[in-house]
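Trainee: I would like to learn how to read a structure that is new to me. Could you take me through it step by step?

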Amino acid sequence: MHHVSDDNPRLCVALAHTAATEALGAALAPVLAPGLVIWLSGDLGAGKTTLTRGLLRALGHTGSVKSPTYTLIEVYTLSRISLYHFDFYRFAHADEFLEAGLDEYFGSDGACLVEWADKALPHVTPADIEIRLQVRGQARQAELFGRSARGRECLKHVVPPQ
Ligand SMILES: Nc1ncnc2c1ncn2[C@@H]1O[C@H](COP(=O)(O)OP(=O)(O)OP(=O)(O)O)[C@@H](O)[C@H]1O
Ligand SMILES: [Mg+2]
């Protein structure tokens, strides 16, 4: 496996409240492209689903954004792009990824946002971008890493919220 977890993030963003996490998600909307894979790392409650909600709102989704904890995947077909939101927290074994046929969503027409990707290793597609969320008291901190040439290029065009 390719260990780059100790390298420097491209961006580091302080997130003082929930709306700031949503704003960071919204800042990713312009760079989202078919086949792009974003891993959302961080403990329970770190803000992974919140960031995804902000991204979906910026893409024009007006309905609810539910955690895929029980469904494994939530599919959003939006005017510009499809977005596949995964959560593998409940996997007892990584092979459940293959049994559910989820590999078909990767490298397709949509962008993939993945919570708890490590639970689907080695089957899940590696990230282009990894966003690490950490709890900091009542607030959060995000670190954005480019994990592929494509991901690094995308991150050059992300304008983080102040
Ligand atoms: N920057 C922030 N400051 C304070 N609270 C935040 C921030 N971002 C998100 N939260 C809050 O943290 C809580 C948990 O968020 P969320 O459900 O997005 O976490 P998660 O990482 O998806 O967790 P899980 O691993 O259980 O799916 C929510 O109540 C959300 O409003
Ligand atoms: Mg979540």
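The talk below turns to the sheet and then to the ligand.

Mentor: Please keep in mind throughout that this is a predicted model.

Trainee: Let me begin with the sheet: how many strands form it, and in what order?

Mentor: As a general idea, the strands of a sheet pair through backbone hydrogen bonds, either parallel or antiparallel. In this structure seven strands form an open sheet, and reading across it gives the order E1-E7-E6-E2-E5-E4-E3, with mixed pairing. From one strand to the next, the twist averages 15 degrees.

Trainee: How do E3 and strand E4 run where bridges join them?

Mentor: They run antiparallel, with five bridges joining E3 to E4, which spans residues 82–87. The two strands form a hairpin, with four residues between them, and as an example of facing positions you can look for Glu74, which stands opposite His85 in E4.

Trainee: How many bridges join strand E6 to E7?

Mentor: There are eight bridges between E6, which covers residues 129–136, and E7, and these strands run antiparallel.

Trainee: Which helix lies across E6 and E7?

Mentor: That is helix H4, made of residues 149–156, and its direction is at about 125 degrees to E7.

Trainee: Now to the ligand: how many residues surround ligand 1?

Mentor: A shell can be read by counting the residues with a heavy atom within 4 Å of the ligand. For ligand 1 there are 19 such residues, and the closest are Thr18, Thr21, Lys48, Thr49 and Thr50. By class, the shell holds six nonpolar, eight polar and five charged residues.

Trainee: Which N or O atoms of the protein lie close to those of the ligand?

Mentor: Among them, a backbone N or O atom of His17 lies 3.0 Å from a nitrogen atom of ligand 1, while an N or O atom in the side chain of Thr21 is 2.8 Å from a nitrogen atom of the ligand. On the side chain of Glu115, an N or O atom is 3.1 Å from an oxygen atom of ligand 1.

Trainee: How much of the accessible area of ligand 1 does the protein cover?

Mentor: On its own ligand 1 has 650 Å² of accessible area, and the protein covers 74% of it. Helix H1 (18–28), helix H2 (48–58) and strand E7 (139–146) are the elements that give two or more residues to the shell, and H2 gives the most, with three residues.

Key. Residues numbered from 1 in each chain as written. Chains lettered and ligands numbered in written order. Predicted model: local features only at pLDDT ≥ 70, side-chain atom pairs only at ≥ 80, totals over all residues. Heavy atoms only, no water. Polar contact = N/O pair within 3.5 Å; in protein donor to acceptor, adjacent residues only side chain to side chain. Areas by Shrake-Rupley, 256 points an atom, 1.4 Å probe, with all protein chains shown as cover. Nonpolar A, V, L, I, M, F, W, Y, C, P; charged D, E, K, R; others polar. Pairing = 2+ DSSP bridges. Axes fitted to C-alpha atoms, helices over the stretch in contact; angles between N-to-C directions. Contact = heavy atoms within 4.5 Å.
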